[in-house]
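Me: I have a model open and would like to learn how to read it. Where do we begin?

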Amino acid sequence: MFKSMTGRQRRNLRLLDDLESRTGREIYKSDYFNVALSQTHHNQTTVAVHTLGVAATSLRIYYMLNALGFHLDKESLLKGSLCHDLGIVGRSEKFENNRECLKQHPVDSVIAAREIFPDLDERTEDTIRHHMWPCTLLPPHHREGFVVTVADKYCAAIEGVAGKFYCPGNRFLRAMRQDNTVSGHTDKTALKTAG
Ligand SMILES: [Fe+2]
Ligand SMILES: [Fe+2]
């Protein structure tokens with residue numbers, strides 16, 4: 001069965017396995033992610049779909065860099081990308097304006113990530129804390145942080161310009177569902193409700 005799959009299908013299934021890892025599932029079952037499923041983000045999508053787009057894009061960059069000989073910490077990248085915007089959940093009740101939201105939500109995302117992972121490592125924390133750079137002053141200190149920063153800007157730009165249908169999170173979820181049908185791979189439950 002695996003042999004009959006295209007390269008794209010194999011790559012998407014690899015991403016799906018990463019996203020459905022234990023780390024991913026811990027995040028999806030959190031109250032934060034539950035709210036993220038319905039909270040509008042960048043006018044066109046939800047925090048959850050944006051988050052999955054950023055995580056999928058970050059992982060794609062990870063595999064590209066890996067093939068080129070640049071080795072990053074995948075676990076930190078996955079955790080950082082999936083938690084980077086959890087602090088924006090409840091935005092309208094928490095923040096008085098966009099400026100406050102821009103500055104404070106990365107800090108709140110670190111707090112959210114620590115609630116889910118009490119032993120949160122420094123690399124992941126730094127990735128989350130500095131993901132808004134250069135809109136915030138300090139850049140990330142690790143490669144993983146730069147990857148998430150780039151993936152976040154890329155997803156936000158497409159979500160803002162091209163809209164819901166084309167945003168990376170929805171495109172990935174559609175492809176994944178298609179691939180599942182083609183390959184017979186189980187349509188795993190945690191990501192079903194997003195999109
Ligand atoms: Fe953010
Ligand atoms: Fe984001």
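Reply: Count how many residues of an element are buried. Here, seven of the eight residues of H8 are buried, so H8 is largely enclosed by the rest of the structure. Keep in mind that this is a predicted model.

Me: Which residues of H8 are buried?

Reply: They are Arg123, Thr124, Glu125, Asp126, Thr127, Ile128 and Arg129.

Me: What do the buried residues of H8 pack against?

Reply: Their partners are H5, H7 and H9.

Me: And Glu122, is that residue buried or exposed?

Reply: Glu122 belongs to H8, which spans residues 122-129. Its count is 10 C-beta neighbours inside 10 Å, so Glu122 is exposed. Look also at His142, 20 residues away along the chain. The C-alpha atoms of Glu122 and His142 are 9.9 Å apart.

Me: What follows H8 in the loop?

Reply: Check the peptide bonds there. Pro134 sits in the loop between H8 and H9. The bond joining Trp133 and Pro134 is cis, with omega about 10°.

Me: H8 packs against H5. How many residues of H5 are buried?

Reply: Eight of the ten, so H5 is mostly covered. The buried ones are Ser76, Leu77, Leu78, Lys79, Gly80, Ser81, Leu82 and Cys83. They pack against H1, H2, H4, H7, H8 and H9.

Me: H1 is on that list. How do I read a helix by its sides?

Reply: Start with length, then ask where the buried residues point. H1 covers residues 7-19, 13 residues in all. From first C-alpha to last it reaches 18 Å, close to the 18 Å expected at 1.5 Å a residue. Its buried residues are Asn12, Leu15, Leu16, Asp18 and Leu19. They cover an arc of only 160° around the axis, which puts them on the same side of H1. Gly7 and Asp17, on the other side of H1, are exposed.

Me: Where is the nonpolar core, and which residues touch the most other members?

Reply: The largest nonpolar core has 38 residues. Ala36, Leu52, Ala55, Cys83 and Leu86 touch the most other members. The elements giving two or more residues to this core are H1, H2 (22-28), H3 (31-36), H4 (47-67), H5 (74-83), H7 (98-116), H9 (143-161) and H10 (168-183). H4 gives the most, with ten residues.

Me: Take one member. What is Leu86 in contact with beyond four places in sequence?

Reply: Leu86 contacts Tyr32, Ala36, Ser109, Ala112 and Ala113. Ala36 is another of the residues touching the most core members.

Me: Now step back. What is the overall make-up of the protein?

Reply: It has ten helices and two strands. From the N terminus the order is α-α-α-β-β-α-α-α-α-α-α-α. Of the 195 residues, 43% are buried. Among contacts between residues at least 6 apart in sequence, 63% join residues at least 24 apart.

Me: How far should I trust the coordinates?

Reply: Read the confidence first. The mean pLDDT is 89, and 90% of residues reach 70 or more. Over residues 181-190, pLDDT stays under 50. The model has 17 contacts beyond four places in sequence for that stretch. Where pLDDT is low, the predicted coordinates should not be read in detail.

Methods. Residues numbered from 1 in each chain as written. Chains lettered and ligands numbered in written order. Predicted model: local features only at pLDDT ≥ 70, side-chain atom pairs only at ≥ 80, totals over all residues. Helix = DSSP H or I, 4+ residues; strand = E, 2+ residues; numbered from the N terminus. Expected span 1.5 Å × (residues − 1). Buried ≥ 20, exposed ≤ 12 C-beta atoms within 10 Å, placed from the backbone. Arc of directions from axis to C-beta. Core = buried A, V, L, I, M, F, W, Y, C linked by C-beta atoms within 7 Å. Contact = placed C-beta atoms within 7 Å. pLDDT = per-residue confidence, 0-100.
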